[in-house]
Amino acid sequence: MKKYSLFLLLSACFLVGFSQEENAVSPKVKWFFAPEASGMVHSDHLGRTLGFQVGAKVARERLMLAFFYYGRSGPINPHTQTVAFPEGVTYKGQSGIDVRADHAAFGVMVAPQFPLAGGRLTLDIPVSFGQIGAGFYLTGEDRDTPDGRTVSAWENDLFNQADASFGYLLEGGLRLRTTLSPASGIEAGIGVHYSRVLGWDTYVGGTDYYNLPRISLFLLFGN
């Protein structure tokens, strides 16, 4: 965890320093904020996520530098999956249980961008690096534990102390944007991405649960 946080801190310092240097040689930095809804394409369902990027367009608007966050929580993801417990483990007399998944991903994004169709469209190529924390949890009446212990304690025991995990997140993609309002700087876009998570491992999802495509829809508000 310390080395993850140190890398993100150094990346943040780089982005801020680069933006300040760019601001010294150009009239102004083009700041932007981009709320996003996306879907993680699992084999049996689409995992919904909400997130955002906030950053700047630099190098005469040829490059986007940003912090990003996206995550999914139980209320926006009704999908459940049935999981068998390790041999000899039961919960309220059951040898398996329905669980939901949630996660949070954050880090830094660098995206070269290119105008198309006479400037009416913009293609950008986001490359992101950060952290992801993700896991699986009991749902519904199963959250009423039989002995008063916390749900998280039971989740640890039921899934061999591996109900959740942290790892590196690497992600690359392509996004296409169009201007909705030239006067206000509002753009709308769609993107396709592929995520690769390193060092993440849980009892339910294994190591490959978050190595998957992601589709995003977003708005971009800029100055």
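This is a predicted model: local features need pLDDT of at least 70, side-chain atom pairs count only at pLDDT 80 or more; totals for chains, interfaces and linings use all residues.
**Figure 1. Overall fold of the chain.** Residues are numbered from 1 along each chain as its sequence is written, and side-chain values use heavy atoms, with hydrogens and water left out. Of the 223 residues in the protein chain, 45% are buried (buried means under 20% relative accessible area, exposed over 50%, partly exposed in between, with a 1.4 Å probe and protein chains only). Among contacts (heavy atoms within 4.5 Å) between residues at least 6 apart in sequence, 66% join residues at least 24 apart.

**Figure 2. The largest nonpolar core.** This view shows 32 residues, with Phe159 and Tyr210 having the most contacts inside the core. A nonpolar core is a set of buried Ala, Val, Leu, Ile, Met, Phe, Trp, Tyr and Cys residues joined through side-chain atoms within 4.5 Å. Two or more residues each come from β1, β3 (63-72), β5, β7 (127-138) and α2 (151-158), and β5 gives the largest share, six residues. Another core lies apart from this one and has six residues, among them Val29, Ala56, Ala59 and Leu63. In soluble globular proteins, nonpolar side chains tend to be buried together.

**Figure 3. The surroundings of Tyr210.** Leaving aside neighbours within four places in sequence, Tyr210 is in contact with residues including Met40, Ala101, Ile132, Val197 and Trp200. Its contacts also include Arg72, Asp102 and His103.

Figure 4. Val151, Trp154, Glu155 and Leu158 are the buried residues of α2. Seen down the axis of α2, these residues fall within an arc of 105°, so they line one face of the helix; the arc is that of the directions from the helix axis to the C-beta atoms. The buried residues of α2 pack against β7. Just after α2, Asn160 takes a positive phi of about 55°, although Asn160 is not a glycine. Asn160 sits in the loop between α2 and β8 and counts as exposed, at 52% relative accessibility.

**Figure 5. Ala117 in its loop.** Ala117 is placed in the loop between β5 and β6. The phi of Ala117 is positive, about 50°, although this residue is not a glycine. Most residues other than glycine have a negative phi. With a relative accessible area of 36%, Ala117 is partly exposed.

**Figure 6. The largest pocket.** The largest pocket holds about 360 Å³ of space. On a 1 Å grid over the protein atoms alone, where a cavity is a set of points where a 1.4 Å probe fits but cannot get out, a pocket is an open set with protein on both sides within 12 Å along at least five of seven lines, and lining residues have an atom within 4 Å of a point. Grid points are joined across faces, edges and corners, and a volume is the space filled by probe spheres set on the points. Of the 19 lining residues, Lys57, Glu61, Arg177, Thr179 and Glu187 lie nearest the centre of the pocket. β5 (96-116) is one of the strands that supply at least two residues of the lining, and β5 gives the most, three residues.

Key:
Helices (H or I, at least four residues) and strands (E, at least two) are DSSP runs, numbered from the N terminus.
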